[in-house]
Amino acid sequence: MSRTATGPSPVAGAVLTTRFAPSPTGLLHLGHAASALGAWHRARAAGGRFLLRIEDIDAGRCRAEWIAAIQDDLAWLGLDWDGVPRQQSRCLAEYEAVLRELAARDLLYPCFCTRAAIAREWAEAGSAPHRAPDGALRYPGTCRDLDPALVRERIAAGADHALRLRTDRALSTLRAPLTRFEEGQGRLRCHPKAFGDPVLARRDVPASYHLCVTHDDALQGVTLVTRGVDLEPATDLHRLLQAVMGWPEPGYAHHPLLLDDAGRRLAKRDQAQTLRAMRDAGMSAQAVRRAAGFP
């Protein structure tokens, strides 16, 4: 990421709208509380809007009972939100429409490669796997220029495939260098080519996080995206999708992550202590807010 000339924030003069967008794959922990409280305080202090979005597009990992638990924990912390929470699993037709538009503009292509095949291709090339800024294996473009007749034949035969963005072609549609506005840093140059051609849909997840989050931020009028610094690398890709689709540009504020005693970021997969466990242990909502760094 390189710095550009300082430019105005895209949220200047707009009603400040933030959001908290958890995935219901488990109970909330203290890191989630810090993120939600930060977004809520920013919106309420500015007389703006705070939205709750449930990012449950991954049907294999998300559970309805965790959606209810998320809302209960947030309310216990003293947070309220504006409007009815958006639930992504109920909006698949909207994401499919975006994918159809990208395909009609020849900005998508089917990819038949598995993760194992991609890793094997890098190994056979005799070099260490190249990785995108988010840590994922960077796709070497194996299926990008397959013969269209072969593609149709494989799809007709039921071959499993993902849909990837043609990043170079998407960038060629833009008239100016791509930038983003980061609070405290101003305008920064974006480099989405570092992601290669990312997956925007696959069989088990009909639309990727990257597509859904940018679509929903635009649809819901989010003007300031507040999220953990671990998601900052994805912002370059999100700005590309926003620009290609003509969606409004929000500003971004990436906050530091809360760490456990071992210096690891709090995460569900590491069994970080949940807000529910803190409640059951007798901690008050005020004590949890203080532990998350808020009064």
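Let me begin with Arg279, which is partly exposed at a relative accessible area of 23%. On that scale buried means under 20% relative accessible area, exposed means over 50%, and partly exposed is in between, with a 1.4 Å probe and protein chains only.

A word on the source. This is a predicted model, so local features need pLDDT of at least 70 and side-chain atom pairs count only at pLDDT 80 or more, while totals for chains, interfaces and linings use all residues. Residues are numbered from 1 along each chain as its sequence is written, and side-chain values use heavy atoms, with hydrogens and water left out.

Back to Arg279. What does its side chain meet in a salt bridge? The partner is Asp73, at 2.8 Å from N to O. Arg279 sits in helix α9 (residues 275–280) and Asp73 in helix α2 (residues 64–77), so this pair ties together parts that lie 206 residues apart in sequence. Asp73 has 0% relative accessibility and counts as buried. By salt bridge I mean a side-chain nitrogen of Lys or Arg within 4 Å of a carboxyl oxygen of Asp or Glu. Helices (H or I, at least four residues) and strands (E, at least two) are DSSP runs, numbered from the N terminus.

In total the structure holds 26 salt bridges. Another one joins the side chains of Arg86 and Asp216, at 3.1 Å from N to O. Here too the pair links distant parts of the chain, with Arg86 in strand β4 (residues 86–87) and Asp216 in helix α7 (residues 209–219), 130 residues apart. Are these two residues buried or exposed? Arg86 and Asp216 are both buried. They also belong to a network of salt bridges, together with Arg19, Arg53, Glu55, Glu94 and Asp217.

Lys193 is in the loop between β8 (186–189) and β9 (199–201), and Asp168 is in helix α6 (residues 167–172), 25 residues away. Lys193 is partly exposed, at 47% relative accessibility.

Next, the helix packing. Two packed helices are described by the angle between their axes and the distance between the axes. Helix α3 (residues 92–104) packs against α7 at about 105 degrees, and the axes are 10 Å apart. Axes are lines fitted to C-alpha atoms, for helices over the stretch in contact, and angles run from 0 to 180 degrees between N-to-C directions. That makes α3 roughly perpendicular to α7, a label for angles of 65 to 115 degrees; under 35 is roughly parallel, over 145 roughly antiparallel, and the rest oblique.

Which residues make the contact? From α3 they are Glu94, Tyr95, Val98, Leu99 and Leu102, and from α7 Leu211, Cys212, His215, Asp216 and Leu219. Contact means heavy atoms within 4.5 Å.

Now the sheet. It is open, with three strands in the order β5-β6-β9 and antiparallel pairing. Two strands pair if DSSP finds at least two bridges between them. β5 (108–111) and β9 are the edge strands, each pairing on one side only. From one strand to the next, the twist averages 45 degrees. Strand β6 (residues 162–165) pairs with β9 over two bridges, and Leu163 stands opposite Ala201 in β9.

Last, Thr226, in strand β10 (residues 224–228). Thr226 counts as buried, at 8% relative accessibility. Setting aside neighbours within four places in sequence, Thr226 is in contact with Arg19, Ser35, Ala39 and Ala253.
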